[in-house]
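Good morning, and thank you for coming.

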Amino acid sequence: MLVRHVVESACWSVDDDQAAQSFDQWLLVCKAVLYASKVHLDINNPFANAFPGDHYRLLAGLLTVLDNDNGLSSIVDVGTHYGTGTRVMLDFAPEANITTFDVTAWNEFPTSFLNESDFTSGGGRLTQYLENLQHDDVFNRHKQLLTDADFIMCDGPKDGSFEREFLTKLSTLSFPSKTRFLLLDDIRFSTEMLLWRQIQSPKVDLTSFGHFSGTGLVDISNGLVLAE
């Protein structure tokens with residue numbers, strides 16, 4: 001039987017991962033998955049409505065539940081690319097300011113699900129920075145933005161370097177205590193599995209409801225903790 005896409009990965013035990021065992025935000029997860037199972041995304045990306053298979057409908061569910069329960073005012077999106085995830089954020093967190101980072105401008109990709117009006121309508125609540133958060137000076141410049149965020153999504157290059165350096169820097173921030181989550185893409189990639197394991201904050205692997213290559217949700221309401 002043919003398979004469209006293969007990613008080399010491994011199966012690791014979870015019973016001995018205390019961060020996974022300590023996750024307790026099950027009502028959020030259940031409500032988000034239920035919402036994702038019913039929603040249809042108006043995005044012309046062939047993978048946007050894959051559920052399971054991709055994370056976009058799950059993202060819509062998480063944002064909807066969090067916005068209804070707590071209100072979302074600031075979202076950080078690391079890795080704009082075609083803007084599919086950013087589009088979901090715009091559509092399902094309608095009051096939030098969204099800041100997205102990439103090293104390539106959104107309109108320089110052959111396809112984008114963003115448009116010029118997204119950056120000007122609603123008081124200009126979407127901003128893109130063409131900067132690399134792996135770099136100390138860039139990260140330091142955006143510390144306040146990151147600590148103020150209600151939701152952070154990281155969908156970077158999975159090169160074995162960026163995500164590790166970004167999360168290491170993120171773990172040094174003094175986050176004010178409030179409801180806050182970090183969503184990580186591709187946690188089942190061989191380059192990302194050890195980093196996922198090293199996360200000590202409460203977390204859950206939602207791959208069965210998200211991206212086939214791995215979707216991880218981390219509760220960073222009290223900050224991000226990484227094992228050394």
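**Pockets, cavities and cores**

The lining of the second largest pocket consists of eleven nonpolar, two polar and five charged residues. In these classes, Ala, Val, Leu, Ile, Met, Phe, Trp, Tyr, Cys and Pro count as nonpolar, Asp, Glu, Lys and Arg as charged, and the others, Gly among them, as polar. Please keep in mind that this is a predicted model, in which local features need pLDDT of at least 70 and side-chain atom pairs count only at pLDDT 80 or more, while totals for chains, interfaces and linings use all residues. Residues are numbered from 1 along each chain as its sequence is written, and side-chain values use heavy atoms, with hydrogens and water left out.

Let me define the spaces. On a 1 Å grid over the protein atoms alone, a cavity is a set of points where a 1.4 Å probe fits but cannot get out, whereas a pocket is an open set with protein on both sides within 12 Å along at least five of seven lines; lining residues have an atom within 4 Å of a point. Grid points are joined across faces, edges and corners, and a volume is the space filled by probe spheres set on the points.

The second largest pocket has a volume of about 320 Å³. Its lining has 18 residues, and those closest to its centre are Trp12, Ser13, Val14, Trp196 and Asp205. Helix H1 (18–21), H8 and strand E6 (203–205) each give two or more residues to this lining. Helices (H or I, at least four residues) and strands (E, at least two) are DSSP runs, numbered from the N terminus.

The largest pocket holds about 800 Å³ of space. Of the 38 residues that line this pocket, Tyr56, His81, Asp155, Lys158 and Asp185 lie nearest its centre. H4 provides the largest share of the lining, three residues. By class, the lining comprises 14 nonpolar, 15 polar and nine charged residues.

How many cavities of 30 Å³ or more are there? The count is two. The largest cavity has a volume of about 80 Å³, and its lining includes Glu163, Asp185 and Trp196. Six residues of that lining are nonpolar, none is polar and three are charged. The second largest cavity contains about 30 Å³, and H7 gives the most to its lining, with three residues.

We turn now to the interior. A nonpolar core is a set of buried Ala, Val, Leu, Ile, Met, Phe, Trp, Tyr and Cys residues joined through side-chain atoms within 4.5 Å. Buried means under 20% relative accessible area, exposed over 50%, and partly exposed in between (1.4 Å probe, protein chains only). The largest nonpolar core has 38 residues, and among those with the most contacts inside it are Leu41, Phe151 and Leu217. H3 supplies the largest share of this core, eight residues. A second, separate core of 26 residues includes Val138, Phe162, Leu195 and Trp196.

Finally, consider two strands. Why is strand E2 (residues 97–102) described as largely enclosed by the rest of the structure? Five of its six residues are buried, so E2 is largely enclosed. Strand E1 (residues 74–78) pairs with E2 in the parallel sense over five bridges, where pairing requires that DSSP finds at least two bridges between two strands. Within this pair, Ser74 stands opposite Asn97 in E2.
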